[in-house]
Amino acid sequence: MRKIGILGGTFNPPHIGHLIMASEVREALELEEVRLMPTAIPPHKQLPDTATPIQRLAMTELAVQGNGYLSSCDEEVHFGGVSYTFLTMQRLLAKEPDTEFYFIIGGDMVDTLHTWYKIDELLKMVRFVGVQRPGALRKTDFPIAYVDTPLIDVSSTLLRTKYAAHKTTAYLVPESVDGYIRQEGLYGTC
Ligand code: ATP
């Protein structure tokens with residue numbers, strides 16, 4: 001069986017918090033790779049109308065460049081519509097049946113799990129892995145594993161605010177992602 005991690009998110013934009021958690025979980029659980037998978041339309045989040053799904057996917061591709069253990073996954077963006085993890089993972093398992101998928105979530109997502117579409121079925125299909133996030137509780141009765149990673153107090157919201165205010169974002173996003181944001185004029189950079 002292949003062991004593959006999936007880090008789902010909006011990646012609006014991707015930042016060092018995402019990359020560090022993906023890299024740490026990959027190593028701790030000896031996963032073959034971790035795929036960063038941007039949603040099309042997220043079921044649980046109001047997305048600010050700033051970057052399109054294609055732009056979020058492009059930034060995710062740039063973010064993982066140069067790390068052989070990380071990749072990006074276009075499954076949800078290309079499928080389109082509201083991205084329900086249960087349906088996405090059904091499709092991925094149908095394509096790659098000899099795979100154990102590890103679905104990685106931050107502490108803020110852990111205590112929302114009871115609201116996820118078909119969570120009981122989803123828990124039978126994938127293993128959930130939680131990591132701590134500053135300021136977030138991680139309480140759940142669901143059987144999920146935890147991996148200790150460095151606490152990184154960075155969010156996409158913080159980055160969008162910094163870009164809009166023309167404040168420095170150095171070291172918080174990969175340079176390639178930063179270049180793309182400025183080239184596309186995202187988040188008020190133009
Ligand atoms: P936003 O600020 O726009 O809500 P975000 O920074 O939470 O975005 P997402 O792309 O929505 O980023 O997050 C994808 C996944 O990564 C979620 O499970 C989230 O909990 C987790 N995550 C994001 N940033 C961190 C972080 N700094 N530490 C731990 N987990 C994180």
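Biologist: Which residues does the UniProt annotation "domain: Cytidyltransferase-like" cover?

Modeller: This is a predicted model, in which local features need pLDDT of at least 70 and side-chain atom pairs count only at pLDDT 80 or more, while totals for chains, interfaces and linings use all residues. Residues are numbered from 1 along each chain as its sequence is written. UniProt positions are given in the numbering used here, with feature names shortened, and annotations may be inferred rather than shown by experiment. With that caution, the annotation, which comes from an unreviewed UniProt entry, covers residues 6–161.

Biologist: How far apart are the end C-alpha atoms over residues 6–161?

Modeller: Helices (H or I, at least four residues) and strands (E, at least two) are DSSP runs, numbered from the N terminus. Over residues 6–161 the chain is 37% helix and 18% strand, and the C-alpha atoms at its ends are separated by 27 Å.

Biologist: Which element gives the most to the shell around the ligand?

Modeller: The ligand is surrounded by 18 residues, the closest being Gly9, Gly17, Gly106, Ser156 and Thr157, where a residue is near a molecule if its C-beta atom, placed from the backbone, lies within 6 Å of it. Two or more of these shell residues come from each of helix H1 (16–28), strand E4 (99–106), helix H5 (107–110) and helix H7 (156–164). With three residues, the element that gives the most is H1.

Biologist: How many charged residues does the shell around the ligand have?

Modeller: Ala, Val, Leu, Ile, Met, Phe, Trp, Tyr, Cys and Pro count as nonpolar, Asp, Glu, Lys and Arg as charged, and the others, Gly among them, as polar. By these classes the shell has seven nonpolar and nine polar residues, and the number of charged residues is two.

Biologist: Which elements do the buried residues of H1 pack against?

Modeller: A residue is buried if 20 or more other C-beta atoms lie within 10 Å of its own, exposed if 12 or fewer, and partly exposed in between, with C-beta atoms placed from the backbone. In H1 the buried residues are Gly17, His18, Leu19, Met21, Ala22, Val25 and Arg26. Packing here rests on contacts, that is, on C-beta atoms within 7 Å of each other. The elements in question are E1, E2, H2, E3, E4 and strand E5 (127–131).

Biologist: How far apart are the end C-alpha atoms of helix H2?

Modeller: The expected span of a helix is 1.5 Å times one less than its number of residues. Helix H2 (residues 53–64) has twelve residues and therefore should span 16 Å, which agrees with the separation of its end C-alpha atoms, 17 Å.

Biologist: Where is Pro14 placed, and which residues does Pro14 touch, not counting residues up to four places away in sequence?

Modeller: Pro14 counts as buried because 27 other C-beta atoms lie within 10 Å, and the C-alpha atom of Val64, 50 residues away along the chain, is 9.6 Å from that of Pro14. The place of Pro14 is in the loop between E1 and H1, and the residues touched are Leu36, Met59, Thr60, Ala63, Val173 and Val177.

Biologist: Is His166 buried or exposed?

Modeller: His166 is found in the loop between H7 and H8, and has a positive phi of about 55° although it is not a glycine. Because His166 has 9 C-beta neighbours inside 10 Å, this residue counts as exposed.

Biologist: What is the phi of Tyr171?

Modeller: Tyr171 also lies in the loop between H7 and H8, and with 10 C-beta neighbours inside 10 Å it counts as exposed. Although Tyr171 is not a glycine, its phi is positive, at about 75°.

Biologist: Which residues is Phe103 in contact with, leaving aside its neighbours within four places in sequence?

Modeller: A nonpolar core is a set of buried Ala, Val, Leu, Ile, Met, Phe, Trp, Tyr and Cys residues joined through C-beta atoms within 7 Å. The largest such core has 40 residues, and Phe103 is listed with Ile6, Leu7, Ala22, Leu36 and Ile104 as having the most contacts inside it. With sequence neighbours set aside, the contacts of Phe103 are Ile6, Gly8, Thr85, Val126, Phe128 and Val129.

Conventions
Two residues are in contact if their C-beta atoms, placed from the backbone, lie within 7 Å.
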